[in-house]
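Have the sequence open alongside it.

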Amino acid sequence: MADLSVQIGNLKLKNPVMTASGTFGYGEEFADLIDLNQLGGIIVKGTTRMPRQGNPYPRMVETPSGMLNAVGLQNKGVDHFVEHIYLRIKDLDTAIIVNVSGSTVDDYVAVCERLNPLDKVAAVEINISCPNVKQGGMTFGTTCAGAQSVVSACRKAYDGTMIVKLTPNVTDVTEIARAVQDAGADALSLTNTFLGMAIDVERQVPCLSTITGGLSGPCIRPIAVRMVWQVAKTVNIPVIGLGGIMNGRDAVEFMLAGATAVQIGTANFVDPQATVKAIHYINDYLNRHGLDSATQLIGALKT
Amino acid sequence: MEYKKHILDFKVVQNQHLGMNYSLLMLKPFEGEVPPSAPGQFAQVLVPNSKRTFLRRPISICNIDRDNNQLWLLVRRAGEGTAALCDLHEGDTLNVMLPLGHGFTLHRDDAMLLVGGGVGVAPLLMLGKELKEQGMQPQFLLGARTKADLLLLDQFSTLGKVHITTDDGSTGVHGVVTKHPVLTSDNIAHIACCGPMPMMRAVAALARQQGIDCEVSLENLMACGMGACLCCVEDTADAGNVCVCTEGPVFNINRLKWQI
(Lines give C-alpha, C1' and ligand atoms only; values in the text may rest on other atoms or scores of the structure.)
Protein backbone atom coordinates (compact mmCIF):
# COMPACT_ATOMS: atom_id res chain seq x y z
CA MET A 1 0.00 0.00 0.00
CA ALA A 2 1.46 3.31 -1.11
CA ASP A 3 1.45 6.36 1.17
CA LEU A 4 -1.44 8.46 -0.10
CA SER A 5 -1.10 11.32 2.37
CA VAL A 6 -0.39 14.87 1.25
CA GLN A 7 0.27 18.12 3.08
CA ILE A 8 -1.75 21.36 2.60
CA GLY A 9 -0.22 24.04 4.83
CA ASN A 10 -0.31 22.62 8.34
CA LEU A 11 -3.01 20.21 7.34
CA LYS A 12 -2.17 16.61 6.57
CA LEU A 13 -4.74 14.86 4.39
CA LYS A 14 -4.91 11.05 4.49
CA ASN A 15 -5.20 11.11 0.73
CA PRO A 16 -5.42 13.80 -1.97
CA VAL A 17 -9.13 13.36 -2.79
CA MET A 18 -11.62 15.87 -1.42
CA THR A 19 -15.15 16.83 -2.40
CA ALA A 20 -15.76 20.20 -4.02
CA SER A 21 -17.93 22.71 -2.23
CA GLY A 22 -21.56 22.78 -3.29
CA THR A 23 -21.50 19.32 -4.82
CA PHE A 24 -21.53 17.16 -1.72
CA GLY A 25 -23.81 18.96 0.72
CA TYR A 26 -22.43 18.31 4.18
CA GLY A 27 -21.44 14.75 3.37
CA GLU A 28 -24.40 13.29 5.25
CA GLU A 29 -26.43 13.08 2.05
CA PHE A 30 -23.92 10.52 0.72
CA ALA A 31 -23.49 8.47 3.89
CA ASP A 32 -25.72 5.61 2.65
CA LEU A 33 -23.54 5.16 -0.40
CA ILE A 34 -19.92 5.72 0.68
CA ASP A 35 -17.80 5.59 3.81
CA LEU A 36 -17.11 9.28 4.40
CA ASN A 37 -14.13 8.42 6.61
CA GLN A 38 -12.23 7.24 3.54
CA LEU A 39 -12.15 10.72 2.03
CA GLY A 40 -9.14 13.02 2.18
CA GLY A 41 -11.49 15.85 3.02
CA ILE A 42 -15.01 17.17 2.71
CA ILE A 43 -15.40 20.77 1.66
CA VAL A 44 -18.86 21.70 2.80
CA LYS A 45 -21.33 23.93 1.05
CA GLY A 46 -20.51 27.66 0.74
CA THR A 47 -21.32 29.25 4.08
CA THR A 48 -22.25 32.90 4.58
CA ARG A 49 -22.72 35.20 7.56
CA MET A 50 -26.51 35.29 7.17
CA PRO A 51 -28.88 32.67 5.69
CA ARG A 52 -29.35 32.94 1.93
CA GLN A 53 -32.28 31.74 -0.17
CA GLY A 54 -30.18 31.59 -3.34
CA ASN A 55 -31.44 32.30 -6.84
CA PRO A 56 -34.89 31.50 -8.24
CA TYR A 57 -35.56 28.28 -10.14
CA PRO A 58 -34.43 27.20 -12.76
CA ARG A 59 -30.90 26.89 -11.46
CA MET A 60 -29.36 24.24 -13.69
CA VAL A 61 -29.21 23.01 -17.24
CA GLU A 62 -27.22 20.14 -18.69
CA THR A 63 -24.84 21.11 -21.49
CA PRO A 64 -22.55 18.93 -23.64
CA SER A 65 -20.32 17.05 -21.16
CA GLY A 66 -21.16 19.53 -18.46
CA MET A 67 -23.75 21.57 -16.67
CA LEU A 68 -24.47 25.19 -15.86
CA ASN A 69 -25.62 26.10 -12.37
CA ALA A 70 -26.86 29.26 -10.75
CA VAL A 71 -27.58 28.16 -7.20
CA GLY A 72 -26.41 31.44 -5.67
CA LEU A 73 -24.98 30.17 -2.38
CA GLN A 74 -28.21 28.99 -0.80
CA ASN A 75 -27.34 28.06 2.79
CA LYS A 76 -28.67 28.52 6.32
CA GLY A 77 -25.83 30.74 7.48
CA VAL A 78 -22.77 30.20 9.66
CA ASP A 79 -24.67 30.14 12.96
CA HIS A 80 -26.80 27.24 11.74
CA PHE A 81 -23.66 25.47 10.56
CA VAL A 82 -21.91 25.88 13.88
CA GLU A 83 -24.91 25.05 16.06
CA HIS A 84 -26.32 22.12 14.10
CA ILE A 85 -24.39 20.73 11.15
CA TYR A 86 -20.94 20.95 12.74
CA LEU A 87 -22.11 18.88 15.71
CA ARG A 88 -23.33 16.13 13.40
CA ILE A 89 -20.21 15.87 11.21
CA LYS A 90 -17.34 16.90 13.48
CA ASP A 91 -16.45 13.38 14.53
CA LEU A 92 -15.97 12.07 11.01
CA ASP A 93 -12.45 10.83 10.42
CA THR A 94 -11.80 13.16 7.50
CA ALA A 95 -10.76 16.80 7.15
CA ILE A 96 -13.84 19.02 7.41
CA ILE A 97 -13.16 22.19 5.44
CA VAL A 98 -15.68 25.03 5.32
CA ASN A 99 -16.12 27.07 2.16
CA VAL A 100 -16.58 30.72 3.19
CA SER A 101 -18.44 33.21 1.03
CA GLY A 102 -19.67 36.74 1.42
CA SER A 103 -20.83 39.96 -0.16
CA THR A 104 -18.44 42.24 1.72
CA VAL A 105 -15.01 41.84 3.33
CA ASP A 106 -16.72 42.13 6.72
CA ASP A 107 -18.97 39.20 5.85
CA TYR A 108 -15.99 36.96 5.12
CA VAL A 109 -14.26 38.05 8.31
CA ALA A 110 -17.38 37.42 10.41
CA VAL A 111 -17.66 33.85 9.12
CA CYS A 112 -13.94 33.21 9.66
CA GLU A 113 -14.15 34.51 13.22
CA ARG A 114 -17.10 32.25 13.95
CA LEU A 115 -15.23 29.20 12.59
CA ASN A 116 -11.84 30.01 14.11
CA PRO A 117 -12.46 28.39 17.53
CA LEU A 118 -13.84 25.12 16.11
CA ASP A 119 -11.12 22.53 16.52
CA LYS A 120 -12.70 20.00 14.15
CA VAL A 121 -12.80 22.44 11.25
CA ALA A 122 -9.54 21.50 9.56
CA ALA A 123 -9.34 24.51 7.27
CA VAL A 124 -11.36 27.19 5.56
CA GLU A 125 -11.65 27.69 1.84
CA ILE A 126 -12.20 31.36 1.04
CA ASN A 127 -14.47 31.53 -2.00
CA ILE A 128 -13.67 34.65 -4.02
CA SER A 129 -14.95 33.02 -7.16
CA CYS A 130 -18.69 32.34 -7.04
CA PRO A 131 -20.12 33.54 -10.37
CA ASN A 132 -23.74 33.41 -9.24
CA VAL A 133 -24.12 36.18 -6.71
CA LYS A 134 -24.70 39.84 -7.50
CA GLN A 135 -22.41 41.24 -4.84
CA GLY A 136 -19.06 39.93 -3.66
CA GLY A 137 -18.15 36.42 -4.78
CA MET A 138 -16.33 36.53 -8.08
CA THR A 139 -16.02 40.30 -8.13
CA PHE A 140 -13.38 39.96 -5.40
CA GLY A 141 -11.56 37.26 -7.29
CA THR A 142 -11.14 39.04 -10.60
CA THR A 143 -8.72 41.77 -9.47
CA CYS A 144 -5.53 41.47 -7.47
CA ALA A 145 -6.58 44.29 -5.16
CA GLY A 146 -10.03 42.78 -4.54
CA ALA A 147 -8.58 39.34 -3.86
CA GLN A 148 -5.96 40.73 -1.50
CA SER A 149 -8.50 42.78 0.45
CA VAL A 150 -10.53 39.67 1.31
CA VAL A 151 -7.61 37.31 1.86
CA SER A 152 -5.55 39.61 4.10
CA ALA A 153 -8.62 40.39 6.23
CA CYS A 154 -9.48 36.68 6.57
CA ARG A 155 -5.85 35.91 7.39
CA LYS A 156 -6.13 38.09 10.48
CA ALA A 157 -9.40 36.44 11.50
CA TYR A 158 -8.48 32.80 10.99
CA ASP A 159 -5.49 31.05 12.54
CA GLY A 160 -5.70 27.66 10.83
CA THR A 161 -5.05 26.55 7.28
CA MET A 162 -6.57 28.95 4.78
CA ILE A 163 -7.20 27.84 1.21
CA VAL A 164 -8.35 30.42 -1.33
CA LYS A 165 -10.55 29.30 -4.23
CA LEU A 166 -9.81 31.15 -7.45
CA THR A 167 -12.02 31.93 -10.41
CA PRO A 168 -10.90 31.04 -13.92
CA ASN A 169 -12.81 34.01 -15.32
CA VAL A 170 -9.76 36.27 -15.51
CA THR A 171 -7.19 37.18 -18.15
CA ASP A 172 -4.20 35.92 -16.18
CA VAL A 173 -4.92 33.62 -13.27
CA THR A 174 -1.24 33.59 -12.22
CA GLU A 175 -1.36 37.30 -11.27
CA ILE A 176 -4.30 36.69 -8.94
CA ALA A 177 -2.63 33.57 -7.56
CA ARG A 178 0.51 35.49 -6.71
CA ALA A 179 -1.47 38.30 -5.07
CA VAL A 180 -3.43 35.81 -2.95
CA GLN A 181 -0.23 34.04 -1.90
CA ASP A 182 1.28 37.37 -0.87
CA ALA A 183 -1.84 38.17 1.16
CA GLY A 184 -1.26 35.11 3.33
CA ALA A 185 -3.05 32.15 1.78
CA ASP A 186 -1.71 28.73 2.76
CA ALA A 187 -2.99 27.07 -0.41
CA LEU A 188 -4.99 27.78 -3.56
CA SER A 189 -7.81 25.81 -5.10
CA LEU A 190 -8.68 26.20 -8.74
CA THR A 191 -10.78 26.37 -10.70
CA ASN A 192 -14.26 27.41 -9.70
CA THR A 193 -16.82 27.29 -12.52
CA PHE A 194 -16.52 29.09 -15.83
CA LEU A 195 -19.10 31.76 -16.59
CA GLY A 196 -21.43 30.40 -19.24
CA MET A 197 -24.89 30.71 -20.73
CA ALA A 198 -27.44 28.54 -22.50
CA ILE A 199 -30.63 29.47 -24.32
CA ASP A 200 -33.88 27.58 -24.85
CA VAL A 201 -34.14 28.36 -28.55
CA GLU A 202 -37.76 27.29 -28.97
CA ARG A 203 -39.00 29.57 -26.22
CA GLN A 204 -36.23 32.12 -26.88
CA VAL A 205 -35.47 32.51 -23.18
CA PRO A 206 -32.37 31.82 -21.04
CA CYS A 207 -32.21 28.35 -19.51
CA LEU A 208 -31.26 29.82 -16.10
CA SER A 209 -33.19 32.35 -14.03
CA THR A 210 -30.02 34.41 -13.73
CA ILE A 211 -29.30 34.23 -17.50
CA THR A 212 -25.64 33.32 -16.91
CA GLY A 213 -24.27 30.60 -14.66
CA GLY A 214 -21.22 28.55 -13.77
CA LEU A 215 -20.09 25.81 -16.14
CA SER A 216 -18.69 22.63 -14.60
CA GLY A 217 -18.08 19.04 -15.64
CA PRO A 218 -15.61 17.30 -17.92
CA CYS A 219 -16.00 19.95 -20.63
CA ILE A 220 -13.91 22.39 -18.53
CA ARG A 221 -11.20 19.94 -17.51
CA PRO A 222 -8.53 20.76 -20.10
CA ILE A 223 -8.77 24.47 -19.29
CA ALA A 224 -8.62 23.79 -15.57
CA VAL A 225 -5.60 21.49 -16.00
CA ARG A 226 -3.82 24.22 -17.96
CA MET A 227 -4.54 26.81 -15.25
CA VAL A 228 -3.37 24.52 -12.46
CA TRP A 229 -0.17 23.87 -14.41
CA GLN A 230 0.44 27.61 -14.89
CA VAL A 231 -0.33 28.50 -11.27
CA ALA A 232 1.66 25.64 -9.75
CA LYS A 233 4.75 26.90 -11.59
CA THR A 234 4.15 30.42 -10.31
CA VAL A 235 3.47 30.06 -6.59
CA ASN A 236 5.27 28.17 -3.84
CA ILE A 237 2.17 27.19 -1.82
CA PRO A 238 0.19 24.02 -2.57
CA VAL A 239 -2.39 24.08 -5.35
CA ILE A 240 -5.55 22.01 -5.11
CA GLY A 241 -6.84 21.10 -8.56
CA LEU A 242 -10.45 20.83 -9.59
CA GLY A 243 -12.57 21.20 -12.67
CA GLY A 244 -14.31 18.30 -14.35
CA ILE A 245 -12.57 15.44 -12.53
CA MET A 246 -14.73 12.40 -13.20
CA ASN A 247 -12.46 9.63 -11.95
CA GLY A 248 -9.03 8.66 -10.63
CA ARG A 249 -7.35 9.08 -13.99
CA ASP A 250 -8.47 12.71 -14.12
CA ALA A 251 -7.28 13.25 -10.54
CA VAL A 252 -3.82 11.96 -11.46
CA GLU A 253 -3.82 14.29 -14.47
CA PHE A 254 -4.24 17.33 -12.17
CA MET A 255 -1.53 16.09 -9.82
CA LEU A 256 0.91 15.60 -12.68
CA ALA A 257 0.15 19.18 -13.70
CA GLY A 258 1.22 20.34 -10.26
CA ALA A 259 -1.73 19.88 -7.91
CA THR A 260 -0.97 18.61 -4.41
CA ALA A 261 -4.55 17.46 -3.94
CA VAL A 262 -7.78 17.46 -5.90
CA GLN A 263 -11.47 18.09 -5.44
CA ILE A 264 -14.20 16.09 -7.12
CA GLY A 265 -17.37 18.04 -7.80
CA THR A 266 -19.88 17.50 -10.57
CA ALA A 267 -18.90 13.81 -10.81
CA ASN A 268 -20.63 13.27 -7.45
CA PHE A 269 -23.94 13.91 -9.21
CA VAL A 270 -23.25 11.20 -11.77
CA ASP A 271 -21.56 8.69 -9.50
CA PRO A 272 -21.90 9.40 -5.77
CA GLN A 273 -19.09 6.88 -5.24
CA ALA A 274 -16.66 8.67 -7.60
CA THR A 275 -14.44 9.95 -4.77
CA VAL A 276 -13.83 6.57 -3.18
CA LYS A 277 -13.22 4.97 -6.57
CA ALA A 278 -10.68 7.72 -7.36
CA ILE A 279 -8.78 7.01 -4.13
CA HIS A 280 -8.52 3.32 -5.06
CA TYR A 281 -7.42 4.27 -8.57
CA ILE A 282 -4.62 6.52 -7.27
CA ASN A 283 -3.37 3.74 -5.01
CA ASP A 284 -3.37 1.28 -7.90
CA TYR A 285 -1.70 3.85 -10.16
CA LEU A 286 1.14 4.38 -7.67
CA ASN A 287 1.65 0.62 -7.35
CA ARG A 288 1.55 0.17 -11.09
CA HIS A 289 4.19 2.88 -11.57
CA GLY A 290 6.42 1.67 -8.76
CA LEU A 291 5.86 4.79 -6.65
CA ASP A 292 5.47 4.69 -2.89
CA SER A 293 3.98 8.12 -2.21
CA ALA A 294 1.24 10.23 -3.77
CA THR A 295 3.52 13.24 -3.32
CA GLN A 296 5.71 11.82 -6.10
CA LEU A 297 2.92 12.63 -8.56
CA ILE A 298 2.87 16.34 -7.79
CA GLY A 299 4.17 18.20 -10.82
CA ALA A 300 5.74 15.03 -12.19
CA LEU A 301 4.75 15.96 -15.73
CA LYS A 302 7.57 15.28 -18.19
CA THR A 303 7.92 18.04 -20.77
CA MET B 1 -40.08 6.07 7.06
CA GLU B 2 -36.64 6.65 5.58
CA TYR B 3 -35.39 3.99 3.21
CA LYS B 4 -31.68 3.54 2.64
CA LYS B 5 -30.32 4.69 -0.73
CA HIS B 6 -28.71 2.09 -2.97
CA ILE B 7 -26.78 2.13 -6.24
CA LEU B 8 -27.33 -1.10 -8.13
CA ASP B 9 -26.85 -2.55 -11.59
CA PHE B 10 -30.06 -3.89 -13.09
CA LYS B 11 -30.60 -6.09 -16.10
CA VAL B 12 -33.28 -5.09 -18.58
CA VAL B 13 -35.65 -8.06 -18.50
CA GLN B 14 -38.12 -6.47 -20.88
CA ASN B 15 -38.62 -3.15 -22.64
CA GLN B 16 -42.30 -2.79 -23.52
CA HIS B 17 -42.76 -0.03 -26.08
CA LEU B 18 -46.07 1.67 -25.36
CA GLY B 19 -46.93 3.59 -28.51
CA MET B 20 -44.29 5.75 -30.18
CA ASN B 21 -43.04 7.67 -27.17
CA TYR B 22 -43.12 5.54 -24.05
CA SER B 23 -41.24 2.56 -22.73
CA LEU B 24 -42.00 0.42 -19.73
CA LEU B 25 -38.64 -0.90 -18.53
CA MET B 26 -38.80 -4.03 -16.42
CA LEU B 27 -35.54 -4.37 -14.54
CA LYS B 28 -34.07 -7.01 -12.30
CA PRO B 29 -31.08 -6.39 -10.00
CA PHE B 30 -28.02 -8.49 -10.81
CA GLU B 31 -27.69 -9.18 -7.11
CA GLY B 32 -30.16 -9.08 -4.25
CA GLU B 33 -33.63 -7.63 -4.02
CA VAL B 34 -35.07 -4.41 -5.40
CA PRO B 35 -34.58 -2.06 -2.41
CA PRO B 36 -37.65 -1.16 -0.35
CA SER B 37 -39.23 2.04 -1.64
CA ALA B 38 -42.38 4.05 -1.02
CA PRO B 39 -44.98 5.09 -3.63
CA GLY B 40 -43.99 8.44 -5.13
CA GLN B 41 -40.27 7.99 -4.56
CA PHE B 42 -38.00 8.09 -7.59
CA ALA B 43 -34.81 6.64 -9.05
CA GLN B 44 -31.78 8.32 -10.65
CA VAL B 45 -30.86 6.40 -13.77
CA LEU B 46 -27.45 6.52 -15.40
CA VAL B 47 -28.04 6.74 -19.14
CA PRO B 48 -25.97 4.32 -21.21
CA ASN B 49 -25.27 4.85 -24.91
CA SER B 50 -25.85 8.59 -24.77
CA LYS B 51 -22.81 10.53 -25.93
CA ARG B 52 -24.04 14.03 -25.29
CA THR B 53 -25.62 13.62 -21.85
CA PHE B 54 -23.92 12.66 -18.63
CA LEU B 55 -26.19 13.49 -15.69
CA ARG B 56 -28.54 10.83 -14.38
CA ARG B 57 -32.22 11.02 -15.29
CA PRO B 58 -34.79 11.14 -12.46
CA ILE B 59 -37.59 8.64 -13.14
CA SER B 60 -40.56 7.81 -10.89
CA ILE B 61 -40.72 4.33 -9.49
CA CYS B 62 -43.72 2.86 -11.30
CA ASN B 63 -43.93 -0.49 -9.60
CA ILE B 64 -41.93 -2.99 -7.61
CA ASP B 65 -42.98 -6.49 -8.54
CA ARG B 66 -41.87 -8.48 -5.50
CA ASP B 67 -42.94 -11.82 -6.97
CA ASN B 68 -40.50 -11.43 -9.84
CA ASN B 69 -38.02 -9.12 -8.06
CA GLN B 70 -38.53 -6.45 -10.72
CA LEU B 71 -38.38 -2.68 -10.75
CA TRP B 72 -40.61 -0.99 -13.32
CA LEU B 73 -39.77 2.40 -14.76
CA LEU B 74 -42.04 4.18 -17.24
CA VAL B 75 -40.05 6.50 -19.51
CA ARG B 76 -41.26 9.14 -21.95
CA ARG B 77 -39.04 9.88 -24.94
CA ALA B 78 -38.42 13.58 -24.22
CA GLY B 79 -34.78 14.28 -25.07
CA GLU B 80 -31.54 12.48 -25.85
CA GLY B 81 -31.18 10.89 -22.42
CA THR B 82 -34.69 9.47 -22.20
CA ALA B 83 -34.51 8.40 -25.86
CA ALA B 84 -31.47 6.27 -25.02
CA LEU B 85 -33.44 4.71 -22.16
CA CYS B 86 -36.42 4.00 -24.43
CA ASP B 87 -34.08 2.29 -26.89
CA LEU B 88 -32.62 -0.17 -24.37
CA HIS B 89 -32.71 -3.84 -25.25
CA GLU B 90 -33.42 -6.94 -23.26
CA GLY B 91 -30.22 -7.98 -21.50
CA ASP B 92 -28.76 -4.45 -21.32
CA THR B 93 -27.39 -3.19 -18.00
CA LEU B 94 -28.71 -0.10 -16.29
CA ASN B 95 -27.19 1.56 -13.21
CA VAL B 96 -29.91 2.90 -10.92
CA MET B 97 -29.79 4.82 -7.64
CA LEU B 98 -32.88 4.43 -5.47
CA PRO B 99 -35.08 5.10 -3.61
CA LEU B 100 -34.94 8.90 -3.48
CA GLY B 101 -37.20 11.62 -2.08
CA HIS B 102 -40.47 11.52 -0.20
CA GLY B 103 -43.59 9.97 -1.68
CA PHE B 104 -47.35 10.27 -1.31
CA THR B 105 -49.25 10.14 1.97
CA LEU B 106 -51.17 6.89 2.32
CA HIS B 107 -54.59 7.73 3.69
CA ARG B 108 -56.30 4.91 5.50
CA ASP B 109 -59.71 5.42 3.95
CA ASP B 110 -61.53 4.82 0.68
CA ALA B 111 -61.67 8.49 -0.26
CA MET B 112 -58.47 8.70 -2.31
CA LEU B 113 -58.50 9.73 -5.95
CA LEU B 114 -55.27 9.23 -7.89
CA VAL B 115 -55.09 11.68 -10.80
CA GLY B 116 -52.50 11.12 -13.52
CA GLY B 117 -51.66 12.51 -16.91
CA GLY B 118 -49.30 11.18 -19.55
CA VAL B 119 -46.16 9.58 -18.14
CA GLY B 120 -47.22 10.99 -14.75
CA VAL B 121 -49.40 7.95 -14.20
CA ALA B 122 -46.23 6.00 -13.33
CA PRO B 123 -46.00 6.52 -9.54
CA LEU B 124 -49.78 6.19 -9.20
CA LEU B 125 -49.58 2.51 -10.15
CA MET B 126 -47.36 1.78 -7.16
CA LEU B 127 -49.49 3.98 -4.92
CA GLY B 128 -52.71 2.29 -6.05
CA LYS B 129 -51.20 -1.13 -5.52
CA GLU B 130 -50.04 -0.23 -2.03
CA LEU B 131 -53.46 1.18 -1.11
CA LYS B 132 -55.22 -1.91 -2.43
CA GLU B 133 -52.85 -4.21 -0.54
CA GLN B 134 -53.71 -2.33 2.63
CA GLY B 135 -57.41 -2.94 2.00
CA MET B 136 -58.39 0.47 0.64
CA GLN B 137 -60.36 1.10 -2.53
CA PRO B 138 -58.60 3.84 -4.45
CA GLN B 139 -60.11 5.39 -7.57
CA PHE B 140 -58.14 6.61 -10.58
CA LEU B 141 -58.66 9.50 -12.94
CA LEU B 142 -56.36 9.24 -15.92
CA GLY B 143 -56.06 11.87 -18.63
CA ALA B 144 -54.33 11.66 -21.99
CA ARG B 145 -54.25 13.37 -25.36
CA THR B 146 -55.85 10.43 -27.14
CA LYS B 147 -56.98 6.90 -26.40
CA ALA B 148 -53.59 5.66 -27.67
CA ASP B 149 -51.76 7.79 -25.08
CA LEU B 150 -53.47 6.15 -22.09
CA LEU B 151 -50.77 4.11 -20.38
CA LEU B 152 -50.98 0.96 -18.23
CA LEU B 153 -54.81 0.92 -18.31
CA ASP B 154 -54.96 -2.83 -17.87
CA GLN B 155 -52.77 -2.54 -14.78
CA PHE B 156 -54.83 0.24 -13.23
CA SER B 157 -58.14 -1.50 -13.83
CA THR B 158 -57.07 -4.37 -11.56
CA LEU B 159 -56.58 -1.94 -8.67
CA GLY B 160 -59.82 0.04 -8.61
CA LYS B 161 -62.32 2.09 -10.56
CA VAL B 162 -60.71 3.98 -13.45
CA HIS B 163 -62.15 7.23 -14.81
CA ILE B 164 -60.81 8.54 -18.08
CA THR B 165 -60.61 11.81 -19.98
CA THR B 166 -59.04 12.42 -23.39
CA ASP B 167 -58.30 15.75 -25.04
CA ASP B 168 -59.80 14.54 -28.32
CA GLY B 169 -62.71 12.64 -26.83
CA SER B 170 -61.59 9.33 -28.36
CA THR B 171 -62.51 7.63 -25.09
CA GLY B 172 -63.89 8.67 -21.71
CA VAL B 173 -64.93 12.22 -20.93
CA HIS B 174 -63.95 14.71 -23.64
CA GLY B 175 -61.51 17.33 -22.28
CA VAL B 176 -58.96 17.72 -19.51
CA VAL B 177 -59.10 15.86 -16.17
CA THR B 178 -60.70 18.78 -14.33
CA LYS B 179 -63.77 18.35 -16.57
CA HIS B 180 -64.47 14.97 -15.00
CA PRO B 181 -67.30 14.96 -12.41
CA VAL B 182 -65.50 12.47 -10.14
CA LEU B 183 -63.07 15.21 -9.08
CA THR B 184 -65.84 17.08 -7.33
CA SER B 185 -67.88 14.13 -6.12
CA ASP B 186 -68.68 14.03 -2.40
CA ASN B 187 -66.76 10.88 -1.55
CA ILE B 188 -63.33 12.22 -2.53
CA ALA B 189 -61.31 13.59 0.40
CA HIS B 190 -57.73 13.23 -0.84
CA ILE B 191 -56.14 13.69 -4.25
CA ALA B 192 -52.72 12.39 -5.28
CA CYS B 193 -51.73 13.95 -8.58
CA CYS B 194 -48.87 13.50 -11.01
CA GLY B 195 -48.75 14.82 -14.55
CA PRO B 196 -47.84 17.82 -16.69
CA MET B 197 -47.59 21.17 -14.85
CA PRO B 198 -50.74 22.74 -16.35
CA MET B 199 -52.73 19.67 -15.30
CA MET B 200 -51.36 19.64 -11.76
CA ARG B 201 -52.02 23.36 -11.37
CA ALA B 202 -55.60 22.95 -12.60
CA VAL B 203 -56.21 19.99 -10.27
CA ALA B 204 -54.61 21.89 -7.37
CA ALA B 205 -56.81 24.93 -8.04
CA LEU B 206 -59.95 22.82 -8.11
CA ALA B 207 -58.91 20.93 -4.96
CA ARG B 208 -58.27 24.17 -3.10
CA GLN B 209 -61.61 25.57 -4.22
CA GLN B 210 -63.41 22.40 -3.10
CA GLY B 211 -61.45 22.06 0.11
CA ILE B 212 -60.01 18.69 -0.90
CA ASP B 213 -56.63 17.66 0.50
CA CYS B 214 -54.21 17.43 -2.45
CA GLU B 215 -50.65 16.29 -3.09
CA VAL B 216 -48.75 16.82 -6.33
CA SER B 217 -45.49 15.30 -7.58
CA LEU B 218 -43.09 17.85 -9.06
CA GLU B 219 -40.40 17.22 -11.64
CA ASN B 220 -38.11 20.25 -11.33
CA LEU B 221 -34.84 19.94 -13.23
CA MET B 222 -32.27 18.34 -10.98
CA ALA B 223 -28.67 17.20 -11.06
CA CYS B 224 -27.80 15.06 -8.02
CA GLY B 225 -31.20 13.83 -6.83
CA MET B 226 -30.02 13.68 -3.22
CA GLY B 227 -30.05 17.20 -1.83
CA ALA B 228 -26.45 18.12 -2.54
CA CYS B 229 -26.53 20.44 -5.55
CA LEU B 230 -29.56 22.55 -4.54
CA CYS B 231 -30.62 22.98 -8.17
CA CYS B 232 -34.17 21.59 -8.12
CA VAL B 233 -35.60 23.99 -5.55
CA GLU B 234 -39.26 24.88 -5.14
CA ASP B 235 -40.35 27.94 -3.20
CA THR B 236 -42.45 26.93 -0.20
CA ALA B 237 -44.66 28.91 2.15
CA ASP B 238 -43.04 27.52 5.29
CA ALA B 239 -39.33 27.14 4.42
CA GLY B 240 -38.53 29.13 1.28
CA ASN B 241 -36.50 27.27 -1.33
CA VAL B 242 -36.36 23.54 -0.62
CA CYS B 243 -35.01 20.68 -2.71
CA VAL B 244 -37.66 18.82 -4.67
CA CYS B 245 -35.41 15.74 -4.66
CA THR B 246 -35.35 15.40 -0.87
CA GLU B 247 -38.37 17.29 0.52
CA GLY B 248 -40.44 16.19 -2.46
CA PRO B 249 -41.00 15.22 -5.18
CA VAL B 250 -44.45 15.00 -3.56
CA PHE B 251 -45.73 18.15 -1.89
CA ASN B 252 -49.03 19.06 -0.30
CA ILE B 253 -50.34 22.00 -2.33
CA ASN B 254 -50.63 24.02 0.89
CA ARG B 255 -46.83 24.19 1.06
CA LEU B 256 -46.46 25.54 -2.47
CA LYS B 257 -46.61 29.19 -3.43
CA TRP B 258 -48.51 28.50 -6.64
CA GLN B 259 -50.81 31.30 -7.72
CA ILE B 260 -53.93 29.16 -8.05
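Let's start with Ser65(A), which sits in the loop between strand 5 and strand 6 of chain A. Keep in mind that this is a predicted model. Ser65(A) isn't a glycine, yet its phi is positive, at about 50 degrees. Most residues other than glycine have a negative phi, and most peptide bonds are trans.

- Ser65(A) counts as partly exposed, because its relative accessibility is 33%.
- Over in chain B, Asn49(B) also has a positive phi, about 60 degrees, without being a glycine. Look for Asn49(B) in the loop between strand 3 (42-45) and strand 4 (57-65) of chain B.
- Asn49(B) has a relative accessible area of 68%, so it is exposed.
- Tyr57(A) and Pro58(A) are joined by a cis peptide bond, with omega at about 0 degrees. Pro58(A) belongs to the loop between strand 4 (41-47) and strand 5 of chain A.
- Chain B has a cis peptide bond between Leu98(B) and Pro99(B), where omega is about -10 degrees. Pro99(B) is part of strand 6 (residues 93-100) of chain B.

**Where the chains meet**

- On the chain A side, 33 residues are in contact with 29 residues of chain B.
- The two chains bury about 2500 Å² between them, and 62% of that is on carbon and sulfur atoms. Within chain A, the residues losing the most area to chain B are Tyr57(A), Glu62(A) and Phe269(A), which together make up 25% of what that side buries.
- How many salt bridges are there between chain A and chain B? The count is one. Glu62(A) pairs with Arg57(B) in a salt bridge, and their closest N and O atoms are 2.7 Å apart.
- Between chain A and chain B there are also 11 residue pairs in polar contact. The side of chain A that touches chain B gets at least two residues from each of strand 5 (60-63), strand 6 (66-69) and helix 8 (267-270).

**Rings and charges**

- Six aromatic pairs turn up over all chains. One of them is Phe24(A) with Phe30(A), which is stacked, at 4.1 Å centre to centre and 25 degrees between the planes. Phe24(A) and Phe30(A) are both buried.
- Phe81(A) and Tyr86(A) make a tilted pair, with 6.3 Å centre to centre and 50 degrees between the planes.
- Lys233(A) puts its charged end over the ring of Trp229(A), 3.6 Å from the ring's centre.
- In chain B, Arg201(B) lies over the face of Trp258(B), 4.9 Å from the ring centre.

**Two buried spots in chain B**

- Thr166(B) is in strand 9 (residues 161-166) of chain B. Is Thr166(B) buried or exposed? Its relative accessible area is 0%, so Thr166(B) is buried.
- A polar atom of the Thr166(B) side chain lies 2.7 Å from the backbone oxygen of Thr171(B). Beyond four places away in sequence, Thr166(B) touches residues including Ala144(B), Leu150(B), Val173(B) and His174(B).
- Gly120(B) is in the loop between strand 7 (112-117) and helix 2 (122-133) of chain B. Gly120(B) counts as buried because its relative accessibility is 6%.
- Apart from its neighbours within four places in sequence, Gly120(B) is in contact with Cys194(B) and Gly195(B).

Technical notes: Residues numbered from 1 in each chain as written. Chains lettered and ligands numbered in written order. Predicted model: local features only at pLDDT ≥ 70, side-chain atom pairs only at ≥ 80, totals over all residues. Heavy atoms only, no water. Phe/Tyr/Trp six-rings, centres within 6.5 Å; stacked < 30°, edge-to-face > 60°. Buried < 20%, exposed > 50% of the residue type's maximum accessible area, 1.4 Å probe, protein only. Lys NZ or Arg CZ within 6 Å of the ring centre and 35° of its normal. Contact = heavy atoms within 4.5 Å. Buried area = accessible area lost by both parts, 1.4 Å probe. Salt bridge = Lys/Arg side-chain N within 4 Å of Asp/Glu carboxyl O. Polar contact = N/O pair within 3.5 Å; in protein donor to acceptor, adjacent residues only side chain to side chain. Helix = DSSP H or I, 4+ residues; strand = E, 2+ residues; numbered from the N terminus.
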